[in-house]
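Trainee: I would like to learn how to read charged side chains and helices in a model. Where should I start?

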Amino acid sequence: MKYSKISVILHWVSVPLLAFLLLSGTFVLANIPNTLEKLPNIKLHSILGFVVMVLSLVRLYFIFGSKTEPLKMSPARALLLKANHAGIYLCVFLIALSGFALNLQSGVAGAIMSGANDFSMYENMSEYLCGYIHRILTKILPLLIVMHVLGVFSYMIANKTNIIKRMWF
């Protein structure tokens, strides 16, 4: 049995957004000097992070309300599946919340909202606990995503069935 259309749409809209956020945060934002010129990039990153968090909350609502038939698997594998999904969602929420907290604590949010043209930004986001948490979780989330994808393909190989169609249109 397939997931609902809305769950599928939310999943596949979230995938490229998450990829963009993780890649741009790691390889672009981290390498831009912490000056006023960085604020528009942080603003976009923050808005998209909020969108992903909202999409994830809505998706959870629809997933818990759906009647999707559970996959046939061992209890140990079922536990790993639940733990992986819970870990992904938890990371997404904590990354969004820690980013929001970092923007507030560091004054970035105020500078973005006020259109500041004289602002002394933090040297390193890890100076703040929420920035450190944000950075660590953005390293854990890709690992959980890779585990998720490997789990899907290993299930397909072991059971000779295409479970991707459950999360496809």
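Mentor: Start with the charges. This is a predicted model, and a search of the whole structure finds one salt bridge.

Trainee: Which residues form that salt bridge?

Mentor: The general idea is that side chains of opposite charge can pair when their charged atoms come close. Here Lys72 pairs with Glu69, and their closest N and O atoms are 3.9 Å apart. The cut-off for a salt bridge is 4 Å, so this pair counts.

Trainee: What is the nearest side chain of opposite charge to Arg59, and how far away is it?

Mentor: That side chain is Glu69, 17 Å away. Arg59 is buried and has no salt bridge.

Trainee: Where does Arg59 sit, and what is it in contact with?

Mentor: Arg59 belongs to helix α2, which covers residues 39-65. Setting aside neighbours within four places in sequence, Arg59 is in contact with Ser7, Leu10, His11, Tyr89 and Met167. For Ser7 there is a further detail: a polar atom of the Arg59 side chain lies 3.4 Å from the backbone oxygen of Ser7.

Trainee: Turning to helices, how do I read one along its length?

Mentor: An α-helix has 3.6 residues a turn, so residues three or four places apart point the same way. Helix α3 has 32 residues, 75-106, and at 1.5 Å a residue it should span 46 Å. Its end C-alpha atoms are 45 Å apart, which agrees with that expectation.

Trainee: What comes just after α3?

Mentor: Gly107 comes there, with a positive phi of about 90 degrees.

Trainee: How many helices and strands does the protein have?

Mentor: It has five helices and zero strands. From the N terminus on, the order is α-α-α-α-α.

Trainee: How do I describe the protein as a whole?

Mentor: Take its extent, then its surface and contacts. Along the principal axes, the C-alpha atoms fill a box of roughly 60 × 25 × 20 Å. Of the 169 residues, 34% are buried. The accessible surface comes to about 10600 Å², and carbon and sulfur atoms account for 72% of it.

Trainee: What share of the contacts join residues at least 24 apart in sequence?

Mentor: The share is 78%, taken among contacts between residues at least 6 apart in sequence.

Terms used:
Residues numbered from 1 in each chain as written. Predicted model: local features only at pLDDT ≥ 70, side-chain atom pairs only at ≥ 80, totals over all residues. Heavy atoms only, no water. Helix = DSSP H or I, 4+ residues; strand = E, 2+ residues; numbered from the N terminus. Buried < 20%, exposed > 50% of the residue type's maximum accessible area, 1.4 Å probe, protein only. Lys, Arg positive; Asp, Glu negative; His and termini not counted. Polar contact = N/O pair within 3.5 Å; in protein donor to acceptor, adjacent residues only side chain to side chain. Contact = heavy atoms within 4.5 Å. Expected span 1.5 Å × (residues − 1). Areas by Shrake-Rupley, 256 points an atom, 1.4 Å probe, with all protein chains shown as cover.
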